[in-house]
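Open the model in your viewer and get ready to select as you read. We will visit a pocket, then the way the chains pair.

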2 protein chains.
Amino acid sequence: MKRHIIGLVILMLTFSSWSCLAQTDQPTVKEDFNPSSTSQPGKEYPQVNSEGRVRTSISAPEAHKVLLDIGGVKFDMTKDENGVWTGDSDPQDPGFHYYQMWVDGAAVPDPNSLYFYGAGRWGSGVEVPCDDQDFFALKNVPHGQVREQLYYSQITEKWRRCFVYTPPDYEQNVSARYPVLYLQHGSFEDETGWANQGKANLILDNLIADKKAVPMIIVMDNGYAMKPSRGADAPRRGPGMFSAFEDVLIKEVIPMIDASYRTIADREHRAMAGLSMGANQTIRITMNNLDMFSHIGGFSGTSNYPSPDKIDRAAFMDGKFKDGKALGKKIKLFWLGMGTKEPNPFPGSIAAFREMLDEAGMKHVYYESPGTAHEWLTWRRSLYQFSPLLFR
Amino acid sequence: MKRHIIGLVILMLTFSSWSCLAQTDQPTVKEDFNPSSTSQPGKEYPQVNSEGRVRTSISAPEAHKVLLDIGGVKFDMTKDENGVWTGDSDPQDPGFHYYQMWVDGAAVPDPNSLYFYGAGRWGSGVEVPCDDQDFFALKNVPHGQVREQLYYSQITEKWRRCFVYTPPDYEQNVSARYPVLYLQHGSFEDETGWANQGKANLILDNLIADKKAVPMIIVMDNGYAMKPSRGADAPRRGPGMFSAFEDVLIKEVIPMIDASYRTIADREHRAMAGLSMGANQTIRITMNNLDMFSHIGGFSGTSNYPSPDKIDRAAFMDGKFKDGKALGKKIKLFWLGMGTKEPNPFPGSIAAFREMLDEAGMKHVYYESPGTAHEWLTWRRSLYQFSPLLFR
């Protein structure tokens, strides 16, 4: 009995201390924070610790509530005696994340961070270090250039812009011609994404220096293109417009690039890849134009998005995948990849698409990025895996 | 006497109405606002009206005080029933202005604007239309490219970046070689300024299309360069470092550019210009290296900054301006310019420098930008005036 009473007391003490823990709810935060690579020059925040927690700080002496909002999850920040608010997020996945701050109900960029276009706006981004970051690091290897290319689009009746990566030897080797990869961003992103947060230029500089990828040109355009509709009452903006990206790419961008750069202008030396919405666009555009493309990459997306249902090959995309073996003779590389932590509907729809390829007898390469979701580290790793297989 | 009383009453009524005006202090604002060219895609703010007033808007339902801060002057914003704050500035000079917002004491970028590097941070900018904006407009003319060029600096032991403008025919005319203008930003700005808010590429595209300027390469580097000091106790950061920009430019950037681009690598085909701090650097660096430069441009700055005192030619810059006539044989163009509304100390120090040139017998071209202060429209206009005179 005595033993039972002692046992009960221990049990009660245990619950009691659990209860205290639950009430205070203070996680033990490792105090090994360092400024992120996306902090503005001379700024000490945002910071990241070895657990992947993000810490931000802002002076707001008259504010009553300041929050850090990362991936749509809000974290309270607390004010010190000088009116400076500081707060930490939960541990984040390694890689790049968009975030913002809320000051008394106003959603604003963090004044300490660099800014990136994504989530439909120019705003803050933070980089959580990852074990394999050497592959996109700025290293002492020959570097290519990223060029801003302006062009007028007759189809959209607008000036448009793309960024063009030229490989390190492009300016030295002036008689050489190069294959081209057309590389697209995702929804609510734009033509700046792949060279800024995507690190496409550094990934290729490093691969080319290691002789793991052949020198290539990469064209990063804006995947949004609207054709103005015609007629007296036709709206010039809004839902009355329709997407013209395929037309812009095929009829305007590719001819402009082939005329302006030393490309090898045939289907064997032309690839297309994209992430999320860009993957959906890539598969549709390349399959509609197999006389122009031979290498296809879908990063975290497929053209059956968002459905996880089994694909009817006879009907899907006008039956373009009916005869996979015939396709396999034309398509030199069909590459698909995603992160192991991708949310729905990506795992389901990508799995259904892969099953359809298998049933058609169309070979494909599949890659999974460990521990990452629908974010840029998945796509950096996808480019790193995909581009060495091009133009072989 | 009656006349005197009537006069007094009129005087009192007049003062009384003045007094009413001062109490209400509501300016009549013209309601012809349009989104600025620096609004983010799809955003309706910031806006500007025909008076040059800037209107911003932000949702901040729980905030108690929100201000628009433009050029260091703060303007109250007011909250509507939905928690959206809106406010106008006083009329601004035409051209580009940095600004920010204050939400309950927090200085933040406007979430609706594009972001620019200046005033020592990435933050908001707004464009107030000007009568002569056609010279920097994106027009249907052949366009050059702006290239991001990474390079490792042995002197600073750091990776650095410059932007390089190549003229429209550079990729077509692959045997042609081009003169080079080195073009520098001002203090608290960086290598992104001239191609973003400076519109240097569009200004040259337009001038070259009109055959008013010869096709040239423009190199826009970062004017801050620190050499790490040596010794066991030597600080690796902060005031213990010293400026090495002249060394970096002369020993690293120019050789790298001449090796990487099809330049005409002699003094007759090399120019340097800069704004404010960049003008000061330009005059010092070109005068120290007259074997390398033949054309010099100082936009809103001179090397006697900030002093308005008469310059002693025998002592100033080690007597480099003693013999202006001999200098005049080496220097093909010495160009100075500023805005008519520049604040002190610029008008005084630039006037003293010009007087020194005149007394030395060194000819120079002088330009004044009408109605602009120490801001980007002054510098866009300066580049537009200066570059047609180069390499003739």
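Select β4 (66–70), β5 (73–76), β8 (95–103), α4 (277–288) and α7 (376–386) of chain A: each supplies at least two residues to the lining of the second largest pocket. Helices (H or I, at least four residues) and strands (E, at least two) are DSSP runs, numbered from the N terminus. Keep β8(A) highlighted; with five residues, β8(A) gives the most to this lining.

This is a predicted model: local features need pLDDT of at least 70, side-chain atom pairs count only at pLDDT 80 or more, and totals for chains, interfaces and linings use all residues. Residues are numbered from 1 along each chain as its sequence is written, chains are lettered from A and ligands numbered from 1 in the order in which they are written, and side-chain values use heavy atoms, with hydrogens and water left out.

Next, select Gly71(A), Tyr98(A), Ala119(A), His374(A) and Glu375(A). Of the 35 lining residues, these lie nearest the pocket's centre.

Now colour chain A by domain (bounds come from an automatic or database domain assignment). Where does the second largest pocket lie? Domain 1 (34–129) and domain 2 (134–389) of chain A both give residues to its lining, so the pocket lies between them.

Show both chains. A rotation of 180° with 0.0 Å of shift along its axis superposes chain B on chain A, with RMSD 0.0 Å (least squares on the C-alpha atoms of residues with pLDDT of at least 70 in both). That is the relation of a two-fold axis.

Finally, select Arg147(B). Its C-alpha comes closest to the rotation axis of the residues of chain B, at 2.1 Å.

Technical notes: 1 Å grid on protein atoms, 1.4 Å probe; cavity = no way out; pocket = protein on both sides within 12 Å on 5 of 7 lines; lining within 4 Å.
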